[in-house]
Amino acid sequence: MESLTNILGQISGYIWSMPLVIMLIGAGVFFTFRMFFMQTRKIGHSFAIIAGRYDDPNDQGDVTHFQALCAALSATVGVGNIAGVATALHAAGPGILFWMWVAAFFGMMTKYAECLLSLKYRVVHEDGTVSGGPMYYIEKGLGGRFKWLAATFAFCAIIGTFGGGNMVQSNSMAIALEDNFKLKLENETPLIDMNNGVEIGRVKGDEFMITTKSGAAFGVDLQNSRIVGDFLRAINTHRENSGGYVKASITSDRNRIEIVDSTQGKFEFNLLAVDGSNVLKELGFYDDKGGINRKNGSSIATFTPKILWLRIIVGIVIALVVGVVIIGGMRRIGKVAGKLVPIMSGIYVGGGLTILILHITSIPDAFRLIFKHAFNPTAAVGGFAGATVLYTITWGIKRAVFSNEAGMGSAPIAHAAAKTKEPVREGLVAMIGPFIDTLVICTITALVIIVTGAWKSGADSSVLTKHAFNIGLNGYGGLIVTVGLILFSVSTAISWSYYGDRCSEYLFGTKAITPYRCVFIGALFIGAVTELTFVWNFSDIAFGLMIIPNVIGIIALSGVVISSTKDYFSRQQTRLR
């Protein structure tokens, strides 16, 4: 699995290189300037449409404007806002938020264009249901000779539904719930608790040796150590460590003991067991492959294995819940999303804003940190220490796309189901998605992580966000993240299953929908028990491949977008409510 994960990581790096970044942002920049910053000029009209002022119940479609937006938001407002932002901060530092803002602002116009086209070229079936998305507007808008490009998108989208729309959701939910069952370390925690209640084996004299990068070495005697605090003191106050160049501490998320070497040299920082002593293994300093658990060249920490039984339960439960909903099709998805999205967003945003109010004096420093690191990046603890501006830009844009899906081509599939005969209206509704998702919710997440100082903890994914909320709300904030993540994960998976439905139908006909749903439900279970890095690498590859045919399509059809927009605003728009 590790070698496969590494291969996927390399492929992801190739796909998410500068050409794709330029293509994605370039599309948004083009539409922004070509339509004179419409995302700022017409935002009031967008909210009026969402509020139902122009809804006509006699129009064709499956759901209202509001329900279509909620269905799309339920796929975007999710793990990307909790785990995605945290993963990017961990890897590339606070500067990623600036580039997420850039991607979201221009992405509003990319989302407008693709969702306008999706509704304009949608297909209405005999039973009144509709199908739409990039595969339809590429084929119908560009002509039959481009059907191969439409099919390429549909195929990549099906693969993508098993990544970010599926396995990432169940995996992040499992990680967040798993964290509640892990031993939380304090100085007073007995060492036997770190060994499943069994007394650690001791030998006469030193139990293990510490060797530093500078070449120094000293042994550690744990004869008088009974609690975690004793273990830390045995290292930190050792007579041969008087300079404090090796420091042992409990990580801020309280999940691990971390030992850091601050020296410089050509040697390897290491922990070496003394013959006859198993104390390093018993305390968890070995990983699941039997080697010392290194975070990087200067840091070694205890390893916390995944709780397999809990992950199995999470996988089964989310598969059953999502399965029950998606069998009902888009109408049921729209109703569920219309209830879930406002509730889950309100709970999460309310908790985040409360923390920011409590840390209001730290917010100006947080913004200075964001702008400074956007152009002079420094990764968080445990991230890529040699982070460059390009690296930070890539992470910011990659996570913005995962979060708001602008340019990916997934949201147009949901927006195609709106009850309206005006494609521009649905484009304007869709345009609000990146605003809510990235410019509001992702910003709240990132600011909470930064103002609480959690970004320096070394934690990753949903555990980092949970840790930040716990700091901000005195130990209770983690519950908000856990509950929010459960609702986010379920709603995102539900909406992404619909995207896969439509793509499967396009490629193979209606007979393929039921088999697809069965595989989709099974993949939720697989994601819950799979390693974090593998899941994210797989997701990044699939999403990157979706972007290429979709952006080609919307740029090629830009004339249709512009002419449709001019026609709509040249006519008087009468409110029906």
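Arginine 233 is partly exposed, with a relative accessibility of 44%. In this predicted model, its side chain meets that of aspartate 230 in a salt bridge, with N and O 2.7 Å apart. Both residues sit in helix α11 (residues 228–236), and because they are three residues apart, about one helical turn separates them.

Helix α15 (residues 363–375) holds another pair, arginine 368 and aspartate 365, three residues apart or about one turn of the helix. Their side chains form a salt bridge with an N to O distance of 2.1 Å. Arginine 368 is exposed, at 53% relative accessible area, while aspartate 365 is partly exposed, at 44%.

Arginine 311 and glutamate 178 form a salt bridge whose closest N and O atoms are 3.2 Å apart. Arginine 311 belongs to helix α13 (residues 308–326) and glutamate 178 to helix α10 (residues 163–179), so the bridge ties together parts that lie 133 residues apart in sequence. Arginine 311 is buried, with a relative accessible area of 7%, and glutamate 178 is buried as well, at 3%.

Elsewhere, Asp179, Lys184 and Lys466 are linked in a network of salt bridges. The count for the structure comes to 16 salt bridges.

## The nonpolar cores

The largest nonpolar core is made of 140 residues. Tyr112, Leu117, Met135, Val322 and Ile397 have the most contacts inside this core. Leaving aside residues up to four places away in sequence, methionine 135 touches Ala150, Phe153, Ala154, Ile413, Arg502, Cys503 and Tyr506. There is also a second, separate core of 26 residues, with Leu191, Ile200, Leu222 and Val246 among them.

## Cavities

You will find two cavities of 30 Å³ or more in the structure. The largest cavity holds about 70 Å³ of space. Its lining includes Leu24, Phe106, Thr110 and Asn404. Helices α2 (18–34), α7 (96–120) and α16 (389–404) each give two or more residues to this lining, and α7 gives the most, with four. By class, the lining of the largest cavity has seven nonpolar residues, three polar ones and no charged ones.

## The second largest pocket

The second largest pocket has a volume of about 570 Å³. It is lined by 22 residues, of which Met194, Asn196, Phe303, Thr304 and Pro305 are the closest to its centre. The lining of this pocket has nine nonpolar, seven polar and six charged residues.

Methods: Residues numbered from 1 in each chain as written. Predicted model: local features only at pLDDT ≥ 70, side-chain atom pairs only at ≥ 80, totals over all residues. Heavy atoms only, no water. 1 Å grid on protein atoms, 1.4 Å probe; cavity = no way out; pocket = protein on both sides within 12 Å on 5 of 7 lines; lining within 4 Å. Points joined across faces, edges and corners; volume = space filled by probe spheres on them. Nonpolar A, V, L, I, M, F, W, Y, C, P; charged D, E, K, R; others polar. Core = buried A, V, L, I, M, F, W, Y, C linked by side-chain atoms within 4.5 Å. Buried < 20%, exposed > 50% of the residue type's maximum accessible area, 1.4 Å probe, protein only. Contact = heavy atoms within 4.5 Å. Salt bridge = Lys/Arg side-chain N within 4 Å of Asp/Glu carboxyl O.
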